[in-house]
Amino acid sequence: MAFQMNKLGALEYSTADCLEGAVHCFSTRLGGVSRDHTASLNLFASHGDTEENVRQNYRILGDAVGFVPEQTVFTKQRHTDIIRVVTKENCGEGLDREVPEICDGQITDCPGVALVTFSADCTPVLLFDPIRRAIGAVHAGWRGTAQGIAAKAVDAMVREFGCKREDIRAAIGPCISRCCFETDEDVPNALLEALGPKAVSAFIRTGEKYHVDLKSCNALWLQRAGIGELDISPDCTACDPERYWSHRRMGDLRGSLAGIIMLK
Ligand SMILES: [Zn+2]
């Protein structure tokens, strides 16, 4: 099981083998119509980009991946552990109208609902149960990771849809990796408190600073939640500014990446 980079003209996006059977992708910044610092596949209307550009970018990506912009449901991300259950009624929230409530994760068992999670260094996690037919999409920065939002999404799929834990598959998308995620001790302290001594191998101390591996922390949460299969992207968003946006490297002069998943 692994990640694949898909190329279609200028468009590039990655997919995870373990999510095969669900329409899904992790975007890059390549292949869209946005300009300047949001060039080119910006998937969130802010930082100076227009709603028209963003909608066109969803159209381009969706044509390749297998959804239409009208099927998308955005999160309203605030580094919480809030997960909401969405249905067809929520389609259009984000692109056509405002998202009514704060959430950093979404789950659904409705076909044709494209869950969208945003990132530009933070960890995107997509979930898929091919047996019960249910999905989830989660935004896990270090705060969300410390709160165990990926595991809470698995719990919510079990609770809301009756999924069996071992049937659930997860993919951890491109995000800032240990090479580039340098922090003060508050970050490893919060993660150690939440995850216990098993998380120690996620940190490397260099002088007063730490290098933190959010992918392995989220993998630990997902393994503890009892999921069956897991793919982890090898890519670091901060290492590859030609392909990804990185908040750490670019601040607000950037666009947004998205992890997207939908049941056929
Ligand atoms: Zn890096």
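1. Just after helix 1, G66 takes a positive phi of about 120°; helices here are DSSP runs of H or I with at least four residues, strands are runs of E with at least two, and both are numbered from the N terminus. This is a predicted model, in which local features need pLDDT of at least 70, side-chain atom pairs count only at pLDDT 80 or more, and totals for chains, interfaces and linings use all residues. Residues are numbered from 1 along each chain as its sequence is written, and side-chain values use heavy atoms, with hydrogens and water left out.

2. Helix 1 covers residues 51–65, and because 15 residues at 1.5 Å each should span 21 Å, the 21 Å between its end C-alpha atoms agrees; the expected span is 1.5 Å times one less than the number of residues.

3. V54, N57, Y58, L61, G62 and V65 of helix 1 are buried, whereas E52 and D63, on the other side, are exposed (buried means under 20% relative accessible area, exposed over 50%, partly exposed in between, with a 1.4 Å probe and protein chains only). The buried residues pack against several strands, including strand 2 (11–16) and strand 15 (257–262).

4. The largest nonpolar core has 39 residues, and L127, M157, L191, V212 and L222 have the most contacts inside it; such a core is a set of buried Ala, Val, Leu, Ile, Met, Phe, Trp, Tyr and Cys residues joined through side-chain atoms within 4.5 Å. Helix 3 supplies the largest share of this core, eight residues. Apart from this core lies another, of 20 residues, among them Y13, Y58, L61 and I260.

Technical notes. Contact = heavy atoms within 4.5 Å.
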